[in-house]
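Please look over the sequence and the structure shown below before reading on.

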Amino acid sequence: MSTTSRYRLLPLFLFFLFVLNACRDEPVSPDLFGDLEGVVLDEEMNPIAGVSVSTTPASSATITDDLGMFRISSIAVGEYVVSFSKSDLKGRAVNVAIRSEELQSIQVIMEEKTEEEEDDSALVFPHSPSPEDGAQGLESTVQLAWAADSLNAEGITYNLVVYQGSQDQIFDQRLGLTDTTYTLNAFQGQNYFWQITTVKGGLEKAGPIWSFSTASSTNNRLVFSKMTNAGLQLFSGNVASQAEVQLTRFASGVYWPRINPLNDLVAFASLEEGRWQLYLTDLDGSTPKKLTTLPMDNYHSYGGGFCWSADGKYLIYPHYDKLYRIDYNGTGLTEFATAPADRHFAEVEWAPDNSRLVTRVIGSTVDEDDIYLMDRDGGNMILLVANQEGAMRSPSFTLDSRHVLYTVDKSGSTSVDGRQLDAGIFSIDINSLEITDLSFGKPSGTNDFFPRVSPDGASLIFQNGSNQAGASADIIVGNNLSDSELESRTLVFEDAFYPDWQ
């Protein structure tokens, strides 16, 4: 065969080797096992026969022989709690690590029960957890269940402790439960550990620590604050299904949440020692951290008014007659803009196309406010909407950045406490300055606040609530947004405030 012919066959040979290799099975990691043996003795070092021995997670169960010895073979490698029980002895539990192809040997000392402990309850360690130990991807509502059999269950109660993230951060704790189930309202995207202790009289038996994790909620791109027993907290929601998930249990409350336009971060305001500060958390509500030391303040501060930059790299927030810029990691605090004379900044919003910002400035009275446009460097402030008869609130852009949405109290109320009676949503064309009332279908005696455009630009989401002082509010979607009106209004979340939709 000529040299030329051999080179012609080489590609075919290499292709054959590639196909042959591709057809090979992927290697399978072998299951790994170890063994456990031990001896059970009394306080005088005499062997004890007939002691029940079991493990959690479950492997095999056995009893000790006449020499107090036991052996459990072929246990999958991992961490176990080995439990020892006999009716006339105090129960014991020992943590053991099983390693591959190794024999673990332990010695256990068991004590006799005192007279007070001599009853027929025969408490056993809690076992058979549901969800099973190590379960992943659970929904936020978790039904915890366990078994703790006894010869006499009368008078037995259960103490439950749940840890979030680590075993030193208690998330929930319940004492004296009489049922072997408990419904836990967990957060999405978190790891949890939980433990049950059975209690009767002076007897207590703490079970092993089990774990589970919940699925992430980052598919929910709508966030809002909602009233809970722990005050206003951060929630995410899905408009189509109207499903909602609590994300935080923050001691000082969560106000005005705003999603970063480019990633899964949420900024929010919270009161710390009477001052409004900015905080940041992931979209699953984990790892909240404080960003600011210079607070958000103005003539009538109510804990909001900040915004993300269009590129998501930093936040802009008001401090009296200044706007400040701070990087999302809490560094780089710099002065961004100065308000007109005798005015404070109250709210600011960045245009989606990164062309400009809109801001509301206020005077010393609550109904004294104007809306300005400014360049993206904080300069060249241009008056867009001059002071109205009623107070204005919540300027924001439409998706095309050509219109600014805001609310006006059409009643013209000048209440000294800032209470509004008939706030409705308006839109102004930045170029023509034509103003359109979008308050179609608003129930009488209510206010619309905080309008935000949906991600596709076709709908509005906003807060609607009674004009009575201290009244709750709901989040509404106004469908089929046009230049003239909203065709319909749909309630999506009750008792909720400050919506943001990205």
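Strand 20 is joined by three bridges to strand 21 (residues 265-272), and the two run antiparallel; strands here are DSSP runs of E with at least two residues, numbered from the N terminus, and two strands pair if DSSP finds at least two bridges between them. The model is a predicted one, in which local features need pLDDT of at least 70 and side-chain atom pairs count only at pLDDT 80 or more, while totals for chains, interfaces and linings use all residues. Residues are numbered from 1 along each chain as its sequence is written, and side-chain values use heavy atoms, with hydrogens and water left out.

With five residues between them, strand 20 and strand 21 form a hairpin, and within this pairing Arg258 has Ala267 of strand 21 as its bridge partner. Strand 20 (residues 255-259) is largely enclosed by the rest of the structure, because four of its five residues are buried (under 20% relative accessible area, with a 1.4 Å probe and protein chains only).

Two bridges join strand 24 to strand 25, and Trp308 stands opposite Leu315 of strand 25.

| Strand | Residues |
|---|---|
| Strand 25 | 314-319 |

The largest pocket holds about 860 Å³ of space. A pocket is an open set of points on a 1 Å grid over the protein atoms alone, where a 1.4 Å probe fits and protein lies on both sides within 12 Å along at least five of seven lines, and lining residues have an atom within 4 Å of a point. Of the 29 residues that line the largest pocket, Tyr302, Gly418, Arg419, Phe449 and Gln463 lie nearest its centre. The lining divides into 13 nonpolar, 12 polar and four charged residues, and strand 29 (356-362), strand 36 (446-453), strand 37 (460-466) and strand 40 (496-501) each supply at least two of its residues.

Asp448 lies in strand 36 and counts as buried, because its relative accessibility is 0%. Leaving aside neighbours within four places in sequence, Asp448 is in contact (heavy atoms within 4.5 Å) with residues including Thr407, Lys442, Phe462, Gln463, Asn464 and Arg489.

Conventions:
Points joined across faces, edges and corners; volume = space filled by probe spheres on them. Nonpolar A, V, L, I, M, F, W, Y, C, P; charged D, E, K, R; others polar. Buried < 20%, exposed > 50% of the residue type's maximum accessible area, 1.4 Å probe, protein only.
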